[in-house]
Amino acid sequence: MNILESFKIALSSIWNHKIRSILTMLGIIIGVCAVIIIVAIGTGAQTQLTDELFGDDKNVIELYYEPFPTDDGSEMMWVEPELTADDLAEIQQLPGVKVAMGINHGWGTLFHNEKQIELQIVGVGRDYFYGKNIEMVEGRPFTMQDNDNMNRVVMIDDFTRDKLFKEDEDIIGEIVEISGNPYKLVGVYKSTTPPEYRWGDDGEALMPRTLNGMMFGAAEIQQVQVLAASAETLTETADLAATRLSEIKNLEDGEYTYWDMSEYEEEFASFYKIVTLVIGSIAGISLLVGGIGVMNIMLVSVTERTREIGLRKAIGATRKRILFQFLIEAMTITLLGGLIGIGIAMLVTIIVSQFLPFTAVVSPIVVMIGASFSALIGIVFGILPANKASKLSPIDALRHE
Amino acid sequence: MEWKWLHMMKLNKINKIYQSGKLTVPVLHDIDLEIKDGEFIAIMGPSGSGKSTLMNIIGFLDPPTSGTYELNEEKINSFHENQLAGLRNKHIGFVFQQFFLLPRQNALKNVEAPLVYADVGKRERVERAQEMLKKVGLGDRATHLPNELSGGQKQRVCIARALVNDPEIILADEPTGALDSKTSEQIMELFVQLNQEGKTVILVTHEEEIAAYADRIIFLRDGKITEDRRHSA
């Protein structure tokens, strides 16, 4: 069979009935367009949500203490257990735990060049650099010795550097003053907060945890974060670590637990599923109506071209060739409609992304599925008219007025 | 399906009855006819005599209701539809009163059409179609659409299309019915030339002057052959 020839005939016949063809394609265009847009927005939103919940740290989870509720529901005085470096070492031993990080927090004000900035001061150990992706911009990170010796060293993020220091200023090794105390500035690291998520003008500084404890009067480790070996085993690992931690501390009035982010994801997934279902059914109905429209117009076309069919049969076209010709024609209409739908969807996606807090993405797979599905609709709904055409007897067809 | 063409078509007791609803219309009755290679036959008769139906049966377009049609001494009654399509494609060239040209395709494309169904490659198709257009005197009209051609020119395109796959038989149903007398004359001369080149030409007409070009005239009346006359040319 000469597919290319049939395709050319189909295209010229579509071209000869431009308005009719466009109207016929409309259902397919709208259907394909709707599906692609909703998938694009959904994918974009999901990526966004995952980023927001986990940031770069998809395998990191925080453990925290929660007291058991009292029998009568009254608020109870409770004391959070004090965690030590030894406890952290225990957690580090657990299977599935890549790095157990102890983190302390404090606030301070950094003065320089007659300017000042509020800093969130994070007290970290060497573990922090194993667990997080800290990218150095200038200088060096802390060493073991810095932590063990409680060296008065500090690192600031590049956001703080840009706010307070001149670009060409050589600041590594300088002594800076934070809340009235002098520290040696040893490094600048790239802020882990992407610009689009930053709010407020606060900077961040890292300090050895030991030093931080001393400065802020808290010797214990305030917060434990666990880097799991993989995102899949995150919950499992967190569960293990929380139980172990509760065990070590002999807790009776409470326990260690963790935020299960996957719950948020599931919640979003089920919401997205409903939206997809609603839009999907609208698109499905649109495609169905579009398909019936194609069938209808193809039946009209068969009737209009009865003589042509008769002639083609007279000069040697078999039933199969006629069937094929009309199938290709129906398929060409819907495929064209599908492609137009994809094009419009891409445009809409780009425009809509300007107004959304995230970027909607049209993936190549979705485009391919959209195109093949619209072609399939043409074949399915083209069968009836094509079959009708192929069954015409040449004599009746030629006699047709 | 390769078919070796020999020189004989034989119709035995061919009947054709059309059924429309409860009404049965007998069109042909016990037709016996033998056609030899290279003949120039005119089928004549008043309208409703069944001459077009007879031609369609000869051209494998319409199956007879009863009777046998032998081709090379083989009955074709049992032939599959696809085999008949193949026979029409390779061995019969149809010329119609209303031309039946594809309206949106140019003359060359129209002539090419039978070759498409014969699975001939693009280049050869164009070559052969061009050659046929030249043969019927329309070499310079290849890119014209049918509505840009006169009646006579359209009929020439139709004849070129009938000839392009080099069939043994040309079947023409009132080929000059829509043409003026001068153009008719030119078209008939073309048929005479084709017959002289060895084609079997069978035409259906109700005009004496047209039938006069043929060597053999078959008269039909009410579905029966009333006379089978040979010219002694």
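Q: What makes helix 3 and helix 5 of chain B contact partners, and which residues meet?
A: In this predicted model, B:Ala107, B:Asn110, B:Val111, B:Ala113 and B:Pro114 of helix 3 meet B:Val157, B:Ala160 and B:Arg161 of helix 5. The cut-off for contact is C-beta atoms within 7 Å. These residues divide into six nonpolar, one polar and one charged.

Q: Why is helix 3 of chain B called roughly parallel to helix 5 of chain B?
A: Helix 3 (residues 107–117) and helix 5 (residues 151–163) pack at an angle of about 30 degrees. Angles under 35 degrees count as roughly parallel. Therefore helix 3 of chain B is roughly parallel to helix 5 of chain B. Their axes are 7 Å apart, and the crossing is right-handed.

Q: What makes strand 6 and strand 10 of chain B edge strands?
A: Strand 6 (92–96) and strand 10 (224–230) each pair on one side only. The sheet is open, with six strands in the order 6-7-8-3-9-10 and mixed pairing.

Q: How do you know that strand 9 and strand 10 of chain B pair?
A: Pairing takes at least two bridges. Six bridges join strand 9 (residues 216–221) to strand 10, so the two strands pair. They run antiparallel. One of the bridges links B:Leu220 to B:Ile225 in strand 10.

Q: Where does helix 5 of chain B pack on the sheet, and at what angle to strand 6?
A: Helix 5 touches strand 6 and strand 7 (169–173) of chain B. Its direction makes about 165 degrees with that of strand 6.

How values were computed:
Residues numbered from 1 in each chain as written. Chains lettered and ligands numbered in written order. Predicted model: local features only at pLDDT ≥ 70, side-chain atom pairs only at ≥ 80, totals over all residues. Axes fitted to C-alpha atoms, helices over the stretch in contact; angles between N-to-C directions. Helix = DSSP H or I, 4+ residues; strand = E, 2+ residues; numbered from the N terminus. Parallel < 35°, antiparallel > 145°, perpendicular 65-115°, else oblique. Left-handed = near helix turned anticlockwise from the far one by under 90°. Contact = placed C-beta atoms within 7 Å. Nonpolar A, V, L, I, M, F, W, Y, C, P; charged D, E, K, R; others polar.
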